[in-house]
Amino acid sequence: MDFAFNAEQQMLRDTAHRFLQDKAGPAVVREIMETESGFDDGLWNEIAEQGWQAMHIPESYGGAGFSYLELIVLMEEMGAMLFPAPFFSTVVLGANAILVGGSEAQRAEILPEVASGRLRLAIAQLEESGRWDESGIAMEAVPDGDGYRLSGTKLYVVDGHTAHTLIVAARTPAGVSLFLVAADSPGVTRTRLETMDMTRKQAQVVFDNVGVAAGAMLGGDGTGWETLTKVSDLASVALAAESVGGAQRCLDQSVEYAKVRVQFGRPIGSFQAIKHKCADMLVQVESARSAAYYAAWAAAEDNEELGVVAPLAKSYCSEAFFFCAAENIQIHGGIGFTWEHDAHLYFKRAKSSELLGGSPAHHRALLAERLGL
């Protein structure tokens, strides 16, 4: 098995790196994260012109037809810059939900709009229980004539306040099902939440007797949890890659600072304690990268190992990112705690990514369950 990226994938990485450095540097990120929407329409359209949203969507649905590996390349580079955009919510969560659980007609209608950047999606799953397993979905879809009525509250919906279409998990008499709901439907109220990580916006979405047609059900009745399970695994792989990008950036910042910060007449990088911290960070980054790339291969090949390596990669890589983000602050000392320094932004993203989709403990329990332990 060859883990090396081919020339085309490396070119994609280089192009994405240059674009993000030029168009979405730290100053731009700080400006965008202060806005209500949390993203910039101009930048969103620019990455659409480059085919980022279309990357892993099949050509038959208006996409670029690349594999999940190319998508992972983008996620790693975006993670390194904390790129504020509804990419994860729309492309990783939303588009994958349509690909995995949608009918042929739904794929043909929705995916070309996603690929072009015209349509933004968000998955509304988590509720007040805070549980990411099937039992956490208590919201009911009550049959009403030929359709259903939805009532309930969804929390921490990534980019839920700016999405055009919501993919809502609710229970019908047949079990957990998914529904496509226009975000501006009567009875839908969306409120942006004040969260720790300002670079990835989340929202509360309240459904007050919202009517949805039977044709708005994504896939079959009662098949929602099966779809969410696969989408969660694919999202875990993407978050793992994003965490690797963030962890690498924290290591780079630490090494760069250790070379220029002088104490007692010499660079702090010459002190053994700082050397040990940087070495420990390097071990975490390289180990996380191996886990993320293997999981990316499993996702790209739709290999049966995906169910095992996805929770493994998510738990390990998110903890590695948090470790590196915390050490980055320690190496920078007092300045690392200040609002003016970017170290705290990576620390907050790392903690947010640790919990998004389930904590490391949740994913380790999931891994043990799938291994029959």
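Guide: The account below goes through the pockets, then the cavities, and then the packing of helices connected with them. The model is predicted, so local features require a pLDDT of at least 70 and side-chain atom pairs a pLDDT of 80 or more, whereas totals for chains, interfaces and linings take in all residues. Residue numbers start from 1 in each chain as its sequence is written, and side-chain values rest on heavy atoms, with hydrogens and water left out.

Rolling a probe the size of a water molecule over the atoms shows where empty space is left. Here the search uses a 1 Å grid over the protein atoms alone: a cavity is a set of points where a 1.4 Å probe fits but cannot get out, a pocket is an open set with protein on both sides within 12 Å along at least five of seven lines, and lining residues have an atom within 4 Å of a point. Points are joined across faces, edges and corners, and a volume is the space filled by probe spheres set on them.

The largest pocket has a volume of about 540 Å³. Its lining comprises 30 residues, and those nearest the centre are Gln-125, Trp-132, Leu-228, Ser-232 and Gly-357. Two or more residues come from each of α5, β3 (147-158), α7 (224-260) and α11 (360-371); these elements are DSSP runs numbered from the N terminus, with helices being H or I of at least four residues and strands E of at least two. Helix α7 contributes the largest share, 9 residues. By class, this lining has 17 nonpolar, 7 polar and 6 charged residues, where Ala, Val, Leu, Ile, Met, Phe, Trp, Tyr, Cys and Pro count as nonpolar, Asp, Glu, Lys and Arg as charged, and the others, Gly among them, as polar.

The second largest pocket has a volume of about 270 Å³. Of its 14 lining residues, Tyr-156, Gln-202, Ser-352, Leu-355 and Leu-356 lie nearest the centre. Helix α10 (residues 343-355) gives the most, with 3 residues, and the lining as a whole has 6 nonpolar, 6 polar and 2 charged residues.

The largest cavity contains about 120 Å³, and of the 16 residues lining it, Phe-83, Ala-85, Phe-87, Phe-88 and Arg-200 are closest to its centre. The elements that give two or more residues to this lining are α4 (68-81) and α5, and its classes are 9 nonpolar, 2 polar and 5 charged. The second largest cavity, of about 40 Å³, is lined by Met-196, Asp-197, Met-198, Thr-199, Trp-339, Leu-345 and Lys-348. These divide into 4 nonpolar, 1 polar and 2 charged residues.

Helix α5, which gives residues to the lining of the largest pocket and of the largest cavity, also packs on a neighbour. Helix α5 (residues 87-101) meets helix α6 (residues 104-116) at an angle of about 160°, with axes 9 Å apart. That makes α5 roughly antiparallel to α6: angles, which run from 0 to 180 degrees between N-to-C directions of lines fitted to C-alpha atoms, for helices over the stretch in contact, count as roughly antiparallel when over 145, as roughly parallel when under 35, as roughly perpendicular from 65 to 115, and otherwise as oblique. Thr-90, Ala-95, Ile-98, Leu-99 and Val-100 of α5 make the contact with Gln-106, Arg-107, Ile-110, Leu-111 and Val-114 of α6, contact meaning heavy atoms within 4.5 Å. These residues comprise 7 nonpolar, 2 polar and 1 charged.

Helix α10, in turn, packs against helix α9 (residues 306-332), with axes that come within 9 Å and cross at roughly 155°. That makes α9 roughly antiparallel to α10, and the crossing is left-handed. Among the contact residues are Phe-321 and Phe-322 of α9 and Tyr-346 and Phe-347 of α10; by class the contact has 9 nonpolar, 4 polar and 5 charged residues.

Methods: Left-handed = near helix turned anticlockwise from the far one by under 90°.
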